[in-house]
Amino acid sequence: MPVMTFTDIPVSEVDLSDTGFRITGPHHDSEHLKSSISQYGIMVPPLVLRGQDKYIVVSGFRRIEGARHAGLSRITCRVMPAGETLDAAMAAVTENSFSRELTPAELIRATVLLLRFMDAQSIAENATSIFNMPLNSGYINTLARIHALPDPVLDLLDQGQISIKACKHLVSMNAETRAGFLHLFSQIKASSGIQMEIIAWAKEICALEKISVSKLIQESPLGITNGDGTGQGGSRLGHRDMGALGKQFKAFLAQRRFPALTAAKKQAREQIKALELDSGLQLAVPENFEGIIYAMQMEFKNMDEFKTRLNRLAELADLNDFKSLVDR
Amino acid sequence: MINPIRVFMDKDLDQTPEIEYLISKLKPTPEKVADPRPVYDLINQSDDPVGFAKKVLYITRNKGALIRQCPGTSYYTCCDYTILHCGTYCTMDCSYCILQAYFHPPVLQYFAGFDQYTAALDPVFQGDHIVRIGTGEYTDSLIWEPVSLMPGFLVEKFATQDRAILELKTKTVNIDSLLDLDHNRKTILSWSLNTPEMIASQERGTASLSARLKAAAKAVSKGFRVAFHFDPIFLYPGCEGAYEKVVEAIFAHVSPEDVVWISIGTFRFMPHLKSIIEARFPDSTIPYGEFITGLDNKMRYFKPLRIAMYQRLGALFRQLAPGVAVYFCMEDEEVWMKTFGFFPGKPKALAHMLDRAAADRCGLDSRLV
């Protein structure tokens, strides 16, 4: 149990540049917090470690930034004695973990912070007390390997543009492929499941065509640059646009990975559209064209509608578009 | 082929001539075990159990059913094959092999006990219908030939009756000890075939295409009937021409009259095999074909692509060997119709077609077909 004292200290004596214990990402929006501190002050005292001539922040970076922003000259902090770095690391993690769920990037930073003082097995054994959730040593080591990936990865995790699951796949890739994917995910926004699909399809296309991921991206809609080298997915785009780019890129991959299937699905869609079925009739082709059973669903409200749609169904049998769809 | 670094044997196994022969052919002295646990533990401790298990032989008796029906699935048409379960796993290393994912853990097992085989087969030989039995479902039938009397025992056993045929399916050329046996045409020696480039890149430790076909010709010269299996067929640029050349090569080595049947089937796999292939064969791109999830939940090539390939091969078979029974392993009505123009859709219809082929080529009792 770390010993700490409540002490009123000058804000200027807190070293905000030492981020050794920082778990929250730099992109965390703290405008509301700053405004709250300006109006009501700091409700929960930050935790600091006594350093040689300054205090090192353990937990409460944003609160102290808010205090500076509000022009406070002194704040009450919980102060840990100098040298208690293991206790400080533990406190930095537990304080965050038990107040809210850590984001993926925070979980990685927290894990790496603890790995400075203890091994993965010890962390795993105490994970529920430290992280408020179980973690096994294999996963802890994976998180450390993700942390060792090039810089953009934590930024992308902070911004929700890449998932831990996707990062796990990047860990085992060579540097060039990894860089290609990190560049890709900096331009698009997609759910974790779709990220995995994108990684798998892109890897498979590259293996089949013996090309690099960068080359594949270049050949995709994302490869069309805006003149400033940022591509369609340049940093000026908002989340909505990045989401649309993600969908566009996935469609590009699907077409390239499954050309015959994509073409058949497109053709079937066009053939069904050409039938001009009214809204009460729905035609479904066999899934992936593997089975041989087509399904027609008819909805109706009354006898008149039933008869009308039944007649429409009967007419279909004579339509060439329908025949070519079914007799594929 | 079988060159284990460790051999385990059940401690209560009788020292029969079969076992003595087997032991005389193996280098490491068998370590006696009371149960399979030490074998499982040894394999499970390996970083690559699938690869390591190929080097550990376990001699035991089959404690389950020696004769089983091929599992098949409901939607796709099955040939109603019967399996003689005389061993498990394989010493060769094919990237696509389902055995990598089928056994937990994989164990190279030899099921000894001729008495047990006799007891299981005699009722089959006295049955009232034709039975096609193979040993190549859970292992390669002939990896065992250099070290075991079993293949020869089975050939001679089947030679004594006319209601069942034995199919020994292999990617080896291990047939020498069988050639001079009195087989009475009741053993079909069959080879799984692929294109030379697929054999070189996906079938580690197997015989070359040319060696397999030469072995087939040698078998035919000794009166054996033969069969061929194009399964799995891979779709890749230029595959149509490459597989056609293999078909042509078959009939440059053997006459259609000596071929009992030929099966064709494109690559299909349980989804979890993909990660095994990726891990064990990192240069292989075979799991990256244009696959969809089939109605049996296996990954299959998109159907029009399968059909296009089958139509090319079907046309060539009609031209080169019109009298040979060519069939699909696990395909549906649409594929049959679009390739061959007929569908053996009634229950046991495909089985009947193959029984007829076996009766005609191997001299089985045709009244039972």
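Predicted model: local features only at pLDDT ≥ 70, side-chain atom pairs only at ≥ 80, totals over all residues.
Over all chains, the count of salt bridges comes to 43.

In chain A, a salt bridge joins Glu95(A) to Arg78(A), with the closest N and O atoms 2.6 Å apart. This pair links distant parts of the chain, since Glu95(A) belongs to helix α3 (residues 85-97) and Arg78(A) to strand β5 (residues 74-80), 17 residues apart. Glu95(A) is partly exposed at 24% relative accessibility, whereas Arg78(A) has a relative accessible area of 12% and is therefore buried, the limit for that class being under 20%.

Turning to chain B, the side chains of Asp115(B) and Arg61(B) meet in a salt bridge at 3.4 Å, N to O. Here too distant parts of the chain are linked, with Asp115(B) in helix α5 (residues 114-125) and Arg61(B) in the loop between β3 (56-60) and β4 (67-69), 54 residues apart. Asp115(B) counts as partly exposed at 48% relative accessibility, and Arg61(B) is partly exposed with a relative accessible area of 30%.

A further pair in chain B consists of Lys222(B) and Asp180(B), whose closest N and O atoms are 3.0 Å apart in a salt bridge. Lys222(B) lies in the loop between α8 (209-221) and β13 (225-233), while Asp180(B) lies in the loop between β10 (164-170) and β11 (187-192), 42 residues apart. Lys222(B) is partly exposed at 39% relative accessibility, but Asp180(B), with a relative accessible area of 64%, is exposed.

Finally, a network of salt bridges links Glu290(A) with Asp296(B), Arg300(B), Arg306(B) and Glu331(B).

Definitions and conventions: Residues numbered from 1 in each chain as written. Chains lettered and ligands numbered in written order. Heavy atoms only, no water. Salt bridge = Lys/Arg side-chain N within 4 Å of Asp/Glu carboxyl O. Helix = DSSP H or I, 4+ residues; strand = E, 2+ residues; numbered from the N terminus. Buried < 20%, exposed > 50% of the residue type's maximum accessible area, 1.4 Å probe, protein only.
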